[in-house]
Amino acid sequence: HLGCRVERSGSDIFVDSAPMDRWDIPDHLMREMRSSVMFLGPILARCGRAHLTFPGGCDIGQRPIDPHLSALSQMGVEIREEGGAIDCRCKAPRGGEISLSFPSVGATENIMLFACACPGETRIINAAREPEIADLEGFLNCGGAHISGAGEYDILIRKGEKRAVEYTVMADRMEAATYLCACAAAGGDLEITDTNPGHYTAVAHLLQKAGCRIESEESRIRIWAPKRLKSIELIRTMPYPGFPTDAQSPLMAALCLAEGTSLFSENIFENRYRHCGELCRMGANIRVEGRVAAVKGVEKLHGAAVRATDLRGGAAMVIAALAAEGCTEITEIEHIDRGYEEIEKVFARVGGNIIRENI
């Protein structure tokens with residue numbers, strides 16, 4: 001849509017942005033996913049103006065883009081909001097010191113991307129520390145930027161000379177965490193390769209507390225699940241390096257079958273328990289009070305007709321279905337497809353009885 005030339009060959013994507021000739025993104029594309037707001041900084045850096053609407057994505061609670069807009073305004077961007085649209089102009093971009101009230105991953109990334117076009121030095125204080133931030137630093141530095149500190153609380157960005165780049169994106173840590181939780185739920189033995197276990201140690205640690213045996217090396221991890229998991233006293237979602245909110249739903253699906261009661265405390269998104277009702281349709285015993293969910297383990301789950309309430313909630317449905325007795329039908333799987341490439345083929349390769357039907 002923006003005018004770039006894009007080609008895909010297998011798992012490689014080639015993007016030539018030289019012919020880019022637009023600075024607007026239509027509403028139907030913005031609604032596809034929350035991270036569509038990540039185009040704001042780059043378009044402003046390239047064109048000096050941008051027009052887009054508020055992003056869509058999973059309905060898991062408020063995810064305001066105010067930190068994005070506040071930071072950009074401090075960097076010389078004039079912002080006008082009207083009728084759900086955002087119109088931004090920037091005649092004189094400038095670096096500066098940006099202090100985030102919360103270590104937002106999206107805001108940190110948007111600032112980094114825009115700062116690559118700003119004169120002077122930009123410093124982000126209380127930046128997000130997720131591995132994806134360090135990976136973005138690696139990509140931008142390969143493309144000519146001068147960035148340091150990604151993965152820490154303070155990040156420094158200086159403009160550099162732009163150049164073409166070839167880059168391998170880091171392995172998806174939430175995908176790996178999902179597979180570990182699925183193995184734990186189904187009582188299996190699974191090895192994941194081409195992954196970085198150091199990126200999801202909080203998930204692996206809790207699975208060990210639940211009774212799983214885990215061995216890991218630099219780029220592989222293996223899990224052996226017991227016949228029945230043990231409950232975990234308390235799981236709190238926190239910014240990295242704490243337990244990630246994106247792994248809450250998959251782990252909950254596994255602990256539905258644990259012996260005892262597990263408590264979840266969701267501290268990132270207030271509406272992250274929408275999948276609980278669907279799990280209960282499969283026989284789970286879950287009680288939600290505000291941001292706390294009590295999961296009393298049951299001896300077995302049974303197949304049912306359920307829906308993917310959101311991306312990770314959809315993954316939880318798949319995990320529960322793999323561990324349940326009988327057949328489960330999951331609808332609204334477009335949510336799942338945004339985060340997992342052909343998830344049914346991945347699980348089928350390791351023994352899951354799972355197929356996709358085009359209805």
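Author: What follows takes up a sheet, a hairpin, a pair of helices and a loop residue in turn. This is a predicted model, in which local features need pLDDT of at least 70 and side-chain atom pairs count only at pLDDT 80 or more, while totals for chains, interfaces and linings use all residues. Residues are numbered from 1 along each chain as its sequence is written, and side-chain values use heavy atoms, with hydrogens and water left out.

Reader: In what order do the strands of the open sheet of four strands stand?

Author: Strands of a sheet pair through backbone hydrogen bonds, either parallel or antiparallel. Helices (H or I, at least four residues) and strands (E, at least two) are DSSP runs numbered from the N terminus, and two strands pair if DSSP finds at least two bridges between them. Here the order is β13-β14-β16-β15, with mixed pairing. β13 (235-236) and β15 (285-289) each have a single partner strand, so one side of each is left without a neighbour in the sheet. β15 pairs with β16 (residues 292-296) in the antiparallel sense over five bridges, and I286 stands opposite V295 in β16.

Reader: Which strands pair with β12, and how many of its residues are buried?

Author: Buried means under 20% relative accessible area, exposed over 50%, and partly exposed in between, with a 1.4 Å probe and protein chains only. In β12 (residues 220-224), four of the five residues are buried. Strand β10 (residues 189-193) runs antiparallel to β12 and is joined to it by five bridges, with W224 as the bridge partner of D189. Strand β11 (residues 213-216) also pairs with β12 in the antiparallel sense, over four bridges, and these two form a hairpin with three residues between them.

Reader: At what angle do α6 and α8 pack?

Author: Axes are lines fitted to C-alpha atoms, for helices over the stretch in contact, and angles run from 0 to 180 degrees between N-to-C directions. Helix α6 (residues 173-186) and α8 pack at about 5°, with their axes 8 Å apart, which makes them roughly parallel, a term for angles under 35 degrees. The contact (heavy atoms within 4.5 Å) is made by T178, C181 and A185 of α6 and P250, L251 and A254 of α8.

Reader: Is G326 buried or exposed?

Author: G326, in the loop between α10 (311-323) and β18 (329-331), is exposed, with a relative accessible area of 63%.

Note on methods:
Angles under 35 degrees count as roughly parallel, over 145 as roughly antiparallel, 65 to 115 as roughly perpendicular and the rest as oblique.
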